[in-house]
Amino acid sequence: ISVEDIVEAHRKSGTFGYEEVAYLLLLGSLPTQAQQQRFNDVMARARTMPAGFTEDMILKAPSRNIMNQLARSVLALYSYDDRADDTALDNVLRQSIGLIARFPLIAANAFAAKRHYFDGDSLILHNPEPELSVAENILRMIRPDAAYTPEEAHLLDLMLILHAENSSNNSTFVCRAITSSGTDTYSAIAGAVGSLKGPLHGGANAKVMQMFRDIREHVGEAPDDASLDAYLDRILDGEAGDRSGKIYGLGHAVYTMSDPREVILKNRARHLAYEKGFEEEYNMLCSIERLAPGIFAEEKGSSKPVCANVDLFSGLIYRMLGISEDLYTPLFAIARVPGWCAHRVE
């Protein structure tokens, strides 16, 4: 099933698609309207934490990094599950739906705690609303005023759809490897979260924005091709940026000619960028996408095609949505839980 078809169907109907994708991944087919409604109802009932969990696990032990808090909270949920070690299919599906439902709530509360205890902001927690989609609830929970527009919610829903699954990447491999030992769902998913945190995996979207700020600082907000080309060459040589020799947002193990997720995000980001005054940022990312493959080929002496990946524009979209970089990778984790769980079921 083409992700473009799923995205286009929900764009035309004005509906949210992440829940449908979660159903598809877990159960192997697109749901009927009645099946989707039942799935959404089960998810809504699961959007609660055990009594005292938020206070004891999140507020009393806040973390500067939301991903570490997310992994720790997933492991802690084991203690609240009477069938935690039961690997029967029906139980694994129950646990999977519970984790999909709870990930946004854990991340939002962990972010609120981080802002309060480490950044000095007021502590504001919002409960999710059962009638709202996952994307709507995320925006409601992470914003102090709980306000969002339909356009913002649909754009975040698109991000969740595109990040929900992507073959045998690092975190999925970790989930499958841990699962193969016969261990419990919470251990397998917590391991995947730890893998996703890495800057060469889920953390790459934040690294793109760090690289972007570094480029603007050294070559200006609207550099010409020659200046940008020269600086990208220095980044690839490990002489600039974070000195890793990585141009973040470039390259993928599976996609070489084109990453279909990046194409969708790039097209969607353009309208929003020009509407919200981010055209310079958007144009620079487009220039990086255009110039970097040639620099990479010359530097590495390789004829292998290299294309931009989904991380190149995802950070900019989150920024245009006013979302803190603290949440970039946790949002990736929220989106990817159905994919991890589907691999565990398999």
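Author: Let's begin with one meeting of two helices: Asn-205, Ala-206 and Met-209 in H11 meet Tyr-328, Thr-329 and Phe-332 in H16, where contact means heavy atoms within 4.5 Å. Helices here (H or I, at least four residues) are DSSP runs, numbered from the N terminus. This is a predicted model, where local features need pLDDT of at least 70 and side-chain atom pairs count only at pLDDT 80 or more, while totals for chains, interfaces and linings use all residues. Residues are numbered from 1 along each chain as its sequence is written, and side-chain values use heavy atoms, with hydrogens and water left out.

Reader: How are H11 and H16 oriented to each other?

Author: H11 covers residues 204–219 and H16 residues 328–345, and their axes lie 7 Å apart at an angle of about 150 degrees. Axes are lines fitted to C-alpha atoms over the stretch in contact, and angles run from 0 to 180 degrees between N-to-C directions. Angles over 145 degrees count as roughly antiparallel, under 35 as roughly parallel, 65 to 115 as roughly perpendicular and the rest as oblique. H11 and H16 are therefore roughly antiparallel.

Reader: Which term describes H12 relative to H14?

Author: H12 (residues 225–236) and H14 (residues 279–300) have axes 9 Å apart and pack at an angle of about 55 degrees. That angle makes H12 oblique to H14.

Reader: Which residues have the most contacts inside the largest nonpolar core?

Author: A nonpolar core is a set of buried Ala, Val, Leu, Ile, Met, Phe, Trp, Tyr and Cys residues joined through side-chain atoms within 4.5 Å. The largest one has 110 residues, and helix H6 (residues 89–117) gives the most to this core, with 13 residues. Those with the most contacts inside the core are Phe-103, Ile-288 and Trp-340.

Reader: Which residues does Trp-340 touch?

Author: Leaving out residues up to four places away in sequence, its partners include Ser-171, Thr-172, Cys-175 and Ile-189. Also among them are Ala-192, Val-193, Leu-196, Ala-333 and Phe-103.

Reader: Is Ala-146 buried or exposed?

Author: Ala-146 is found in the loop between helix H7 (134–142) and helix H8 (150–162), and has a positive phi of about 60 degrees although it is not a glycine. Buried means under 20% relative accessible area, exposed over 50%, and partly exposed in between (1.4 Å probe, protein chains only). With a relative accessible area of 17%, Ala-146 is buried.
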